[in-house]
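Me: Hi, I've got this one open on my screen. Can you walk me through it?
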Amino acid sequence: MESKLSHYLNRYRKEGCLALVLLFVAFWTILFSRNTEASGFLQSLIESRFLSLRNLENLSRQVGMYGIFSLGMGLVIISGGIDLSVGSLMALFGTVFFFLLTGSHAWIPGIPWVPAIIVLLAFSAIVGVFHGWLIARIRMPAFVVTLCGLLGYRGLAQTMTHDTAIGYYDAKFGIVGLEKLLTGEILGLPAAFIAFLFVSAVVYYLLHLSVFGRYLLALGRNEQAASYSGINTRVIMGLAYVICSILAAISALFFALYTADVVPSIHGNFYELYAIAGAVLGGCSLRGGEGTVIGIILGTTVLLVLQNMVNLLGYDSSFSKVITALVILGGVLVDRFEIWKLVTRTRSNTA
Amino acid sequence: MPLLHLKKISKSFGPVQALDQVELEVEKGEVLGLIGENGAGKSTLMNILGGMFAPSAGQILLDGSSVSIHDAKAAERLGISFVHQELNLLDNIDIAGNIFLGREPTRLGCIDQKRLHDLSRPLLENLGLSIDPFTSVALLTNGQKQLVEIAKALSIDAKILILDEPTSSLTLQETDTLLKLVKKLRQQGMAIIFISHRLAEIEAIADRVIALRDGKNAGWLGHDEINRNAMISIMIGRELDEVYPKTKPPVEDVVLSVRDFSTRRWPNGRATFEIKSGEILGMAGLVGAGRSELAQGLFGVDDSPAGLVEIESQSIPRGDVGRCIANGVFLAPEDRKSSGLVLEMTIRENMTLNSMKRFTRYLRIDFASERENAEVWLREFGIKAPSSEQVVGNLSGGNQQKVVLAKWMTLKPKVMIFDEPTRGIDMGAREEIYKAIAKLTESGCAILMISSDMEELLGMSHRIAVMREGGIAGILDKEAFSEEAIMQLAVREDLATSS
């Protein structure tokens with residue numbers, strides 16, 4: 001019994017630590033955003049602004065939108081690579097999607113929203129295959145390839161819109177269904193969050209239960225040993241970029257509808273860095289071969305709840321970046337020095 | 001009184017006792033041959049002397065007084081110089097810069113190139129190396145690099161010189177030069193500890209031989225007692241015949257046929273050979289002869305410019321690992337840690353990495369049958385691990401190699417290529433690996449065993465092919481087996497006779 005417990009403690013130590021941090025930040029925010037006029041302390045906590053329906057809904061939508069592309073980034077990081085182009089891709093995807101709806105660009109015909117989504121997803125898959133081909137087949141460094149993406153895709157989006165905003169209200173065909181699908185609610189939960197739960201389940205299956213995941217972890221750790229085992233490492237590595245790109249497109253759909261106007265110069269700015277931060281905080285190693293879905297989700301959520309705390313408690317928003325930086329640094333530091341071992345050691349001493 | 005006396009040195013790494021009360025003495029002007037199997041503790045002992053490790057117990061006496069050597073610098077100050085097995089020179093710096101790396105003479109804060117040159121030249125000349133000290137190291141041959149390493153070692157006014165496998169990457173001629181140099185240094189009064197697997201060298205040069213076995217003193221031989229058989233029997237503690245399992249003569253059916261096969265390293269080399277069912281073909285050759293490249297080419301992880309490979313008369317394409325695996329051609333690579341295993345993964349995961357299809361249903365991994373598979377092999381090979389969930393990186397070299405073996409045995413090999421199957425593995429585990437290889441022959445598997453360990457080649461093989469410059473220089477039948485015959489084929493005749 002004891003050994004089983006310590007086995008799980010050890011196996012999920014990172015996730016456990018993160019969950020504790022998450023609880024701490026959430027409780028802190030609840031405590032300081034409590035309703036001081038409520039009768040009784042407990043009641044004041046329940047009526048805190050953090051736990052208000054509006055805040056929770058907003059927070060879950062954010063977790064959903066950020067979580068989807070962070071999971072894709074997580075897979076790429078586990079493969080031992082990196083994708084710096086995610087934020088710019090989201091600007092490009094949002095722009096292209098709105099052009100598809102409105103048909104206001106000379107080269108892009110206006111079509112109904114269902115085929116528009118399909119076209120966009122296909123486009124994102126092609127972009128992913130392109131990245132994967134350059135990185136896994138041509139053997140260009142992922143950093144360089146996606147850095148070019150970071151510059152190029154946003155630039156492309158800005159060029160297409162002549163550096164102005166683009167909306168979707170003058171869509172050629174009906175968009176009621178689209179709005180319902182992307183900004184609506186299901187069972188009281190934002191659609192983005194539902195989509196995120198679904199994506200999480202799929203990625204969990206891929207990473208932790210399927211052969212693809214085993215191969216991805218193996219090649220992230222030791223590509224040579226993986227290829228000596230007969231694994232087609234190029235295909236597996238390339239697939240990571242394809243999945244990352246498709247998830248960025250799904251997320252981009254939600255963001256585009258959420259903001260209603262896509263301004264390519266700022267839309268999705270730095271999102272790739274949030275995704276990397278979330279994944280690293282969640283226990284992914286930039287050397288590859290390490291990471292879990294639960295960790296990535298927790299890492300992303302912690303960053304968003306921190307942001308939420310800063311907003312709700314009226315802390316200086318510039319300072320929030322410092323807090324975020326310190327949390328990531330601290331999280332990786334704890335892992336680096338294996339501080340949880342102190343805990344398990346004292347446990348086994350007392351046992 | 002001996003110049004150096006290591007007294008009851010012990011060293012343990014965690015639970016592993018690497019050295020147990022080892023004694024070693026060396027005199028001024030003496031060449032001491034230090035021999036022992038892989039993992040016997042030679043390197044650990046020398047690393048203690050070189051200041052890399054601190055001993056857990058024991059004493060180091062230099063000129064009769066006790067000294068402590070806590071780092072490499074301290075060893076240097078005491079006049080102990082260590083030439084490591086692998087070359088440690090920087091290719092992007094010239095010879096003189098390498099010799100005085102970290103101790104450069106300076107003038108006004110800049111490196112004094114002229115003094116550097118003047119200090120290096122006599123050192124190189126003493127070693128018979130007439131090359132300008134400002135030559136880039138990248139232009140040197142392995143033999144010349146080895147000499148530069150020795151020049152570097154001597155540049156600190158060494159009294160004791162440790163040479164760890166100094167000839168392992170040298171040609172015969174270069175080896176000859178090196179042995180002459182060692183004799184010259186002995187005349188100059190240097191105490192030399194010479195570690196080598198090549199017993200002929202030890203026989204030619206050592207004044208005394210000390211053998212280690214399993215971290216303990218296994219015995220020693222005086223000058224007149226040094227001969228091959230005596231060294232082997234104190235090294236392994238019994239006669240050679242008992243180590244290598246008997247195998248039946250092979251069946252006549254040819255399993256693997258290779259014709260005019262070349263590799264990227266040796267595009268003009270043409271390797272042609274056949275292996276029969278149940279046959280072990282040993283593959284000998286010098287370092288750089290292209291043996292590992294051949295193995296990687298046959299397995300398809302490396303491209304091959306030309307050649308024909310047939311398995312049971314069916315030709316298979318070159319450079320396609322997937323097809324090789326599908327046809328039952330497997331490789332246990334030379335470098336277990338970087339190519340054979342994913343060290344951070346568990347035993348269970350490593351054992352199925354090449355055969356996932358058998359352990360999946362609709363892309364979903366069947367963890368239970370994976371575990372079952374791992375446990376069967378853990379028992380079969382007696383792999384010492386608490387469970388199949390153990391991370392492979394924590395296992396000993398021998399147990400790691402058994403995991404590699406198990407990984408491929410799951411798929412029933414037709415042709416199994418072993419590249420240095422027992423490198424860095426202790427005697428006990430080696431015997432078990434030999435047994436596993438012998439057992440494979442019984443199932444009709446054809447085995448290609450690449451090895452730099454002569455004893456192993458001579459003891460295990462049915463025939464031995466010798467490689468040179470990417471081609472097969474000759475194939476020896478059992479009656480013709482001898483170390484000399486192999487070396488003669490491995491070295492180009494014109495080079496061997498020219499010196």
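Me: Which residues are linked in a network of salt bridges?
Reply: That network links A:Arg214, B:Arg348, B:Glu349, B:Glu370, B:Arg371 and B:Glu389. A salt bridge here is a side-chain nitrogen of Lys or Arg within 4 Å of a carboxyl oxygen of Asp or Glu. Before we go on: this is a predicted model, where local features need pLDDT of at least 70 and side-chain atom pairs count only at pLDDT 80 or more, while totals for chains, interfaces and linings use all residues, and side-chain values use heavy atoms, with hydrogens and water left out. Residues are numbered from 1 along each chain as its sequence is written, with chains lettered from A and ligands numbered from 1 in the order in which they are written.

Me: How many salt bridges over all chains?
Reply: By that rule the count is 30.

Me: And what about B:Asp118 and B:Lys114, how far is N to O there?
Reply: Their side chains meet in a salt bridge at 3.1 Å, N to O. The two are 4 residues apart in helix 4 (residues 113-126) of chain B, so about one helical turn separates them. Helices are DSSP runs of H or I with at least four residues, strands are runs of E with at least two, and both are numbered from the N terminus. B:Asp118 is partly exposed at 40% relative accessibility, whereas B:Lys114 is exposed at 60%. Buried means under 20% relative accessible area, exposed over 50%, and partly exposed in between (1.4 Å probe, protein chains only).

Me: What do B:Glu125 and B:Arg121 do?
Reply: They form a salt bridge too, at 3.6 Å from N to O. Being 4 residues apart in helix 4 of chain B, they also have about one helical turn between them. B:Glu125 is partly exposed at 48%, and B:Arg121 is partly exposed at 33%.

Me: Next pair: is B:Glu420 buried or exposed?
Reply: B:Glu420 is buried, at 5% relative accessibility. Its side chain meets that of B:Arg423 in a salt bridge of 3.5 Å, N to O, and B:Arg423 is partly exposed at 40%.

Me: Switching to sheets. What's the strand order in the open sheet of 6 strands?
Reply: The order is 6-9-10-3-11-12 in chain B, with mixed pairing. Two strands pair if DSSP finds at least two bridges between them. At the edges are strand 6 (80-83) and strand 12 (216-221) of chain B, each pairing on one side only. The twist averages 20° from one strand to the next; angles run from 0 to 180 degrees between N-to-C directions, with axes fitted to C-alpha atoms, for helices over the stretch in contact.

Me: How do strand 3 and strand 10 run?
Reply: Strand 3 (residues 31-36) and strand 10 (residues 191-195) of chain B run parallel, joined by 4 bridges. In this pairing, B:Gly33 is opposite B:Phe194.

Me: Which helix packs on the sheet and touches strand 9?
Reply: That's helix 6 (residues 172-187) of chain B, which touches strand 3, strand 9 (160-164) and strand 10 of chain B. Its direction makes about 150° with that of strand 10 of chain B. Contact means heavy atoms within 4.5 Å. Helix 8 (residues 228-236) of chain B packs on the sheet as well, touching strand 3, strand 11 (208-213) and strand 12 of chain B, at about 30° to strand 11 of chain B.

Me: Back to strand 6 of chain B: which way do its residues point?
Reply: B:Ile80 and B:Phe82 point one way, B:Ser81 and B:Val83 the other, and all are buried. Strand 6 pairs with strand 9 of chain B in the parallel sense over 4 bridges, with B:Val83 opposite B:Leu163.

Me: Last one: where is B:Glu456?
Reply: B:Glu456 lies in helix 16 (residues 454-460) of chain B and is buried, at 0% relative accessibility. Leaving aside neighbours within four places in sequence, its contacts include B:Tyr244, B:Arg430 and B:Tyr434.
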